[in-house]
Amino acid sequence: MRVLGIETSCDETGVAIWDNTAGLLGHRIFSQTEIHATYGGVVPELASRDHIRRVGPLTEQVLADAGLNLADLDGVAATAGPGLLGALLVGLSAGKALAFGTDRPFLGIHHLEAHLLAPRLDPDPPEWPFLALLVSGGHTQLIAVEGLGRYRLLGGTVDDAAGEAFDKTAKLLGLGYPGGPAVARAAEGGNPAAVDLPRPMAGKPNLDFSFSGLKTAVLNQVKAAGDMPGPTATADLCASFQEAVVDTLWRKTARAIKQTGLDRLVVAGGVGANAQLRERFEAEAGALGVALHFPALELCTDNGAMVAYCGAQRLAGGERDGWDRTAVARWPLEALTPPPG
Ligand code: KG4
Ligand code: ZN
């Protein structure tokens with residue numbers, strides 16, 4: 001099964017080809033960061049328009065990279081949700097058109113399932129079952145992954161996602177967009193113990209998260225100082241913020257490991273690209289004897305490879321979508337089921 005995957009749920013146009021025998025045959029991402037940077041966040045209408053501009057040329061390039069023609073594909077998959085509706089519709093329509101034109105099956109993909117499965121593109125993929133911490137710009141969830149399409153939600157954020165907290169903190173401190181990498185950069189050389197920030201809900205026995213209070217705590221620090229912090233104070237504040245997020249994420253993950261007894265852990269989604277998080281999780285998981293899997297760095301944030309992979313697994317399992325398949329802004333992961341085959 002050789003599948004072309006298209007990702008357009010937010011501000012990255014991603015196209016890739018995954019082959020269940022040969023692996024990843026081609027993969028390109030176009031990031032719209034520059035387009036949205038002046039606005040300090042993603043402007044949905046601009047995102048849709050740029051996906052339209054990019055998706056065709058990227059597809060041609062990926063096919064050329066792989067030395068393949070459309071006729072060499074066995075199917076096409078595109079992210080169908082959750083995400084920005086207009087943006088999703090671009091990739092979905094392009095994918096359906098390609099599938100229709102080549103008389104191949106088409107499948108709409110769940111963006112978060114694609115993130116969850118990204119570590120399975122690795123040469124040494126995690127076996128089922130595993131515990132997953134999904135940390136992106138829109139989601140922060142702990143999930144027991146029992147198999148393809150078998151996901152049990154253990155806990156999630158009650159307000160902001162971890163990536164959102166990074167983005168909002170960056171905006172507050174005037175560090176630019178996207179916030180995660182900007183805060184991580186600003187935190188370099190800062191003292192993570194300099195500012196006493198809360199660990200929201202860490203003491204609660206459940207597996208839920210809350211990050212909006214953390215962002216408010218940063219705001220209060222700025223207000224108390226009476227002025228925007230200078231470079232050293234910014235580094236200390238960012239390092240302390242990053243430490244608070246990573247510490248909170250690890251504490252709940254450790255609790256989930258204990259509760260489920262799972263000894264394999266996957267960290268997926270954009271925040272999984274954070275170096276501090278990777279370092280802390282490597283050390284802590286190692287100490288517990290838990291096998292830790294991160295996707296390759298470039299497959300942590302949005303990309304077409306994870307969509308192509310997910311599509312290949314589900315299409316191989318006999319799943320198909322009709323030409324009336326549409327995009328959905330909201331789509332709970334738990335609504336997914338295994339493919340029929
Ligand atoms: O998975 P993703 O690319 O898109 C969503 O599905 O949301 O995640 C994007 C999020 C953004 O909030 C971004 O600020 C965050 O991931 N992010 C990071 C880093 N790189 C991206 N957060 C912290 N540290 C990073 N290095
Ligand atoms: Zn994503």
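**Ground rules.** Residues count from 1 along each chain as its sequence is written, and chains are lettered from A and ligands numbered from 1 in the order in which they are written. Since I'm on a predicted model, local features need pLDDT of at least 70 and side-chain atom pairs count only at pLDDT 80 or more, while totals for chains, interfaces and linings use all residues; side-chain values use heavy atoms, with hydrogens and water left out.

**Zinc.** I started at ligand 2, the zinc ion, and listed its protein donors: His111 through NE2, His115 through NE2 and Asp302 through OD, at 2.0 to 2.1 Å. A donor here is an N, O or S atom within 2.8 Å of the metal (3.2 Å for Na, K and Ca), and sites may look incomplete because water is not among the atoms. Along the chain the donors of this zinc ion are spaced H-x3-H-x186-D. I placed His111 in helix α4 (residues 111-117) and Asp302 in the loop between β10 (291-293) and α10 (305-316), so the pair ties together parts 191 residues apart in sequence. For the labels: helices (H or I, at least four residues) and strands (E, at least two) are DSSP runs numbered from the N terminus. I found both His111 and Asp302 buried. Buried is under 20% relative accessible area, exposed is over 50%, and partly exposed is in between (1.4 Å probe, protein chains only).

**His293.** I also looked at His293, which sits in strand β10. It counts as buried at 13% relative accessibility. Neighbours within four places in sequence aside, I get contacts from His293 to Pro119, Asp124, Pro125, Pro126, Leu265, Val266 and Val267. Contact means heavy atoms within 4.5 Å.

**α8 against α9.** Next I took helix packing, where a pair is described by the angle between the axes and the distance between them. Helix α8 (residues 231-260) packs on helix α9 (residues 275-288) at about 30°, axes 10 Å apart. The axes are lines fitted to C-alpha atoms, for helices over the stretch in contact, and angles run from 0 to 180 degrees between N-to-C directions. I therefore file α8 and α9 as roughly parallel. The crossing of α8 and α9 is right-handed. Right-handed means that the near helix is turned clockwise from the far one by less than a right angle, left-handed that it is turned anticlockwise. On the α8 side I noted Gln242, Glu243, Val246, Asp247, Leu249, Trp250, Thr253 and Ile257, which meet Gln276, Leu277, Arg280, Phe281, Glu284, Ala285 and Leu288 in α9. By class, the residues of this contact come out as eight nonpolar, three polar and four charged. Ala, Val, Leu, Ile, Met, Phe, Trp, Tyr, Cys and Pro are nonpolar, Asp, Glu, Lys and Arg are charged, and the others, Gly among them, are polar.

**α6 against α8.** Helix α6 (residues 179-187) packs on α8 at about 120°, with the axes 7 Å apart. That puts α6 oblique to α8. I have this crossing down as left-handed. Val183, Ala184, Ala186 and Ala187 of α6 make the contact with Thr234, Ala235, Cys238, Ala239, Phe241 and Gln242 of α8.

**Ala162.** I found Ala162 in helix α5 (residues 162-172). Ala162 is buried, at 0% relative accessible area. Beyond four places in sequence, its contacts are Val135, Ser136, Thr140, Phe211, Val245, Leu249 and Val271.

Most residues other than glycine have a negative phi, and most peptide bonds are trans. I flagged a cis bond joining Gly81 and Pro82, omega about -15°, and another from Trp128 to Pro129, omega near -15°. Pro82 is in the loop between β4 (75-81) and α3 (85-102), and Pro129 in the loop between α4 and β6 (130-135).

Note on methods. Parallel < 35°, antiparallel > 145°, perpendicular 65-115°, else oblique.
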